[in-house]
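Subject: Structure handover

Hello,

Here is the structure you asked for. My notes on what turned up in it follow below.

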Amino acid sequence: MESVKVKVKRVEGAEDLPLPRYMTPLASGMDLSANIQHDLTIEPGKYEVIPTGIQMEIPPGFEAQIRPRSGLAAKYGITLLNSPGTIDADYRGEIKVVLINHGTKNFTIKRGDRIAQLVIAPVFRAELVEIDVLEDTTRGNGGFGHTGV
């Protein structure tokens with residue numbers, strides 16, 4: 001499995017939190033921890049921006065994707081409001097996660113809780129070429145639900 005070096009810096013006050021890490025040998029995402037000072041409760045239908053305590057230097061040609069943790073979604077209805085979140089290679093601020101509670105009960109986050117996953121992925125930049133006519137396909141203009149349920 002290939003790897004790429006990504007530089008990580010802890011923000012001041014987050015020295016006690018673990019750095020993102022893969023929880024199993026074949027995991028594609030690293031868990032991100034909540035960098036909060038006090039317990040934070042998200043009510044059903046509400047969302048909160050949660051800092052993670054890290055900044056990153058992502059190499060050119062890559063991005064970081066922030067994705068929900070499947071266990072939080074399945075058990076509590078907790079997911080990301082902007083999923084996946086994108087962190088560009090030129091961003092240097094603290095990484096934050098926008099969690100939303102789609103569940104029916106309050107959800108409390110504690111300092112250090114694993115709240116999301118971080119995936120490092122290659123980026124290809126597109127060169128757009130304007131044309132007058134697109135090639136026909138079998139699908140054509142078929143949009144949402146065009147193949148049935």
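Start with Gln65. Setting aside neighbours within four places in sequence, Gln65 is in contact with Pro84, Gly85, Gln117, Leu118, Val119 and Ala121. Please keep in mind that this is a predicted model. Gln65 is found in strand β7. With a relative accessible area of 12%, Gln65 is buried, because buried means under 20%. The side chain of Gln65 makes a polar contact of 2.3 Å with that of Arg67. Val6 is 59 residues from Gln65 along the chain, and their C-alpha atoms are separated by 13 Å.

Next, the largest nonpolar core. It has 24 residues. Which of them touch the most other members? They are Ile66, Val97, Leu99, Ile109, Ile115 and Leu118. Seven strands each supply at least two residues of this core: β3 (30–33), β6 (54–57), β7 (62–67), β8 (78–80), β10 (96–101), β11 (107–109) and β12 (114–122). The largest share comes from β12, with four residues. As background, nonpolar side chains tend to be buried together in soluble globular proteins.

Beyond its neighbours within four places in sequence, Val97 is in contact with Leu32, Glu48, Val49, Ile50, Thr52, Ile66, Leu80, Ile115 and Ala116. Ile66 and Ile115 are on that list, and both are also among the core members that touch the most others.

Now the annotation. An unreviewed UniProt entry places the feature "binding site" at Arg69, Ser70, Gly71, Asn82, Thr86, Ile87 and Asp88.

Two of the annotated positions in detail:

- Arg69 sits in the loop between β7 and α1 (70–76). Leaving out neighbours within four places in sequence, Arg69 is in contact with Asp31, Arg114, Ile115, Ala116 and Gln117.
- Thr86 lies in strand β9 (residues 85–87).

Best wishes

Terms used: Residues are numbered from 1 along each chain as its sequence is written. This is a predicted model: local features need pLDDT of at least 70, side-chain atom pairs count only at pLDDT 80 or more; totals for chains, interfaces and linings use all residues. Side-chain values use heavy atoms; hydrogens and water are left out. A nonpolar core is a set of buried Ala, Val, Leu, Ile, Met, Phe, Trp, Tyr and Cys residues joined through side-chain atoms within 4.5 Å. Buried means under 20% relative accessible area, exposed over 50%, partly exposed in between (1.4 Å probe, protein chains only). Contact means heavy atoms within 4.5 Å. UniProt positions are given in the numbering used here, feature names are shortened, and annotations may be inferred rather than shown by experiment. A polar contact is a pair of N or O atoms within 3.5 Å; within protein, one must be able to donate a hydrogen and the other to accept it, and residues adjacent in sequence count only if both atoms are side-chain atoms.
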